[in-house]
Amino acid sequence: MKMHSYWLDTSTPSGDYSSTPIPKEVDVAVVGGGFTGLSTAYHAAKAGKSVALLEANTVNWGASGRNGGMATTGLAIGFRSAMKRYGEQRAIGYFNEYNKAIDLIENLVEDHDLDVDYERSGKMTLAWKASHFEGMQRTAEDLKRLVGQPVELVDRANIRTEIGSDVYHGALVDPLGAGMHVGKFGHALAGLAVDAGATIHERAEVVDVERIGDTTIHDLKTTRGTVRAGNVVLGTSGYTGKPFGWQQRRIIPVGSFIVVTEPLPQAVVDELLPNRRMASDSKNFIYYFRITPDNRLLFGGRARFALSDPSQDRKSGEILQKAMHHIFPQTRDARIDYMWGGLVDISMDQMVHAGEHKGIHYSLNYSGHGVQMANYMGKVMVDVISGNPEANIWRDLKNPWIPGYFGEPWLHLRAGGAYYGLQDKFS
Ligand SMILES: Cc1cc2nc3c(=O)[nH]c(=O)nc-3n(C[C@H](O)[C@H](O)[C@H](O)COP(=O)(O)OP(=O)(O)OC[C@H]3O[C@@H](n4cnc5c(N)ncnc54)[C@H](O)[C@@H]3O)c2cc1C
C-alpha cells in the first residue's frame, strides 16, 4: 500500500522547477503552488504581468494534489444557513460563485484540450438521517425557486438508482457537479502558467516578508533568494505559516483523509455508484466518495479531528476503511492501494476569505470546497490587482480571528471534534 496521493502517483509534473533562478523583481509574486497559486500565476501571466510563483515544496504538494477530485456545487455551509446568515440575495450570489467556478475549470479544459479526466457526472449529498433528508427537501425547493439550480431528490425507496448501499435516507442530486483527476489538472495548469510566461520556483519557501512603505510592494525572502514584488497573492490554504501570521490565525487546519481501493470490476463499480457521481454525506464527520477514472473507489472523510502526518494518516485510513466496508459491504475483499491525508483550511464561519491585509492579497479558507473555488479565485485575485476589486464577492465578509488561537491547532481540534461529534449524534 502506498501512503501518498493516488493523484500525484498517477500523473506527471509539467517540469522540474526546483532550481529555476529567483528573479530580482516581478509585477506579481504568488505564494503557494496549489490551485489558488497556479491559477493566479496563469491568469496574471496571461494578462501580461511578470509573475514568479514561490512554492515551499513542489507544485500540487498541498491540498490541491491530495483531495477527492470533486468540483462540486454549493457552499461549505448549507444554502438555507447562508440565507439565514446573509439574506437571500447575498446567499444566491455566494452560491452562484461555485457554479461559475466549475464553468471556469470546464472552459480551461475545453480551451486547452486538457487531458485531465474531467467529467460533469453530477454531485449528490446523501442523508445520514431521516431528518437530514427532510432538510434536503426544503433546500431543494429553495435552490430551484431562487437559484434555478436543477437539483433532484431521490428518496430512500429509490436510493439504489444512485448508490449500492442501504445506509442512507435519501439524496439531493445536483447534475452540475463535476469530477477530475486533480494531479493531471494541477500539473497541466502549471504548464499553462509557464507557457503564458510565469516562472515557477519549487523548494522556495517564503520565510520573511518586508513591506515597502504603505504600498503593495514587498520583498519576499525565500530559501532560494529574495524577490521584490509589486503585488503579492497568498494562496497557502491550510499550510499557511508564520511569515503570514495574520492569515494563519484565521485558519484552523483540519486533517482530511482518503483511502483508494484497487481497480474494481466494472459490475461492482456499476453497483456502487451507477452514475459515477461525486458523493458526500450530511454528517459533520463527513464521508465523501467517488469512482476514479480507472475504476477504483476513492473513500475519504474527516474520520477524526486530527492533523495529517504518516501516523495520523494510517490511523484515520483504518477508520475510513471500516466505514467504507459499512457503507459498501461489496468492497470488503478489495485491496487498499493508497492511503493519505492532507489539511483543509477551515475558518470560523466556513466561508471563503479573500482580500487584502497590509498590502498582501490573499485567498484562503475554502473549508474543504476548494477544488473549484481555488481555481476560480486565482482569476478573481488577478482581476482585483488589475483594478477591479468588485470581482471579489467575498471582500466584505469579516474574517474573525479565532479567539486564543496562535497557529497551534491541537486544542481547537479536540474541542471542535467533541462539538461536531455531538452534533452528528443529536441532529
Ligand atoms: C484530503 C482532502 C480532500 C479534499 N477534497 C476536496 C474535494 O473533493 N473537493 C473540494 O472542492 N475540495 C476538497 N479539498 C479542499 C481543496 O483541496 C483545497 O481547498 C484546495 O486544494 C486549496 O488549494 P490552495 O491552492 O489554496 O492550497 P494548497 O493546495 O494547500 O496549496 C498551498 C501551498 O502553499 C505552499 N506554502 C505554504 N506556505 C508557504 C510558504 N511560506 N512559502 C511558499 N509556499 C508555501 C504549500 O507547500 C502548498 O503547496 C480537500 C482537501 C483535502 C486535504
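**Entry 1, the model.** I am working from a predicted model.

I looked up how helix H2, residues 35–46, sits against helix H6, residues 182–195. Their axes are 8 Å apart and the packing angle is about 30°. Angles under 35 degrees count as roughly parallel, so I put H2 down as roughly parallel to H6. H2 passes H6 in a left-handed crossing. From H2, I listed Phe35, Leu38, Ser39, Ala41, Tyr42 and Ala45 in the contact. H6 brings Val182, Phe185, Gly186, Leu189, Ala190, Leu192 and Ala193. Sorted by class, this contact has 11 nonpolar and 2 polar residues, and no charged ones.

Next I took helix H3, residues 79–86, and helix H4, residues 88–111. Their axes come within 7 Å and cross at roughly 135°, which means that H3 is oblique to H4. I noted the crossing as right-handed. On the H3 side I found Phe79, Ala82, Met83 and Tyr86. They meet Glu88, Arg90, Ala91, Ile92, Tyr94 and Phe95 of H4. I recorded 8 nonpolar and 2 charged residues in this contact, with no polar ones.

Which residues come nearest to the ligand? Of the 39 around it, I noted Thr36, Glu55, Ser64, Met70 and Val206. For Glu55, I found a polar side-chain atom 2.6 Å from an oxygen atom of the ligand. Phe35, which I had already listed in the H2 contact, has a polar backbone atom 2.9 Å from a ligand oxygen. A polar backbone atom of Val371 is also 2.9 Å from an oxygen atom of the ligand.

Terms used
Residues numbered from 1 in each chain as written. Predicted model: local features only at pLDDT ≥ 70, side-chain atom pairs only at ≥ 80, totals over all residues. Heavy atoms only, no water. Axes fitted to C-alpha atoms, helices over the stretch in contact; angles between N-to-C directions. Helix = DSSP H or I, 4+ residues; strand = E, 2+ residues; numbered from the N terminus. Parallel < 35°, antiparallel > 145°, perpendicular 65-115°, else oblique. Left-handed = near helix turned anticlockwise from the far one by under 90°. Contact = heavy atoms within 4.5 Å. Nonpolar A, V, L, I, M, F, W, Y, C, P; charged D, E, K, R; others polar. Near = heavy atom within 4 Å. Polar contact = N/O pair within 3.5 Å; in protein donor to acceptor, adjacent residues only side chain to side chain.
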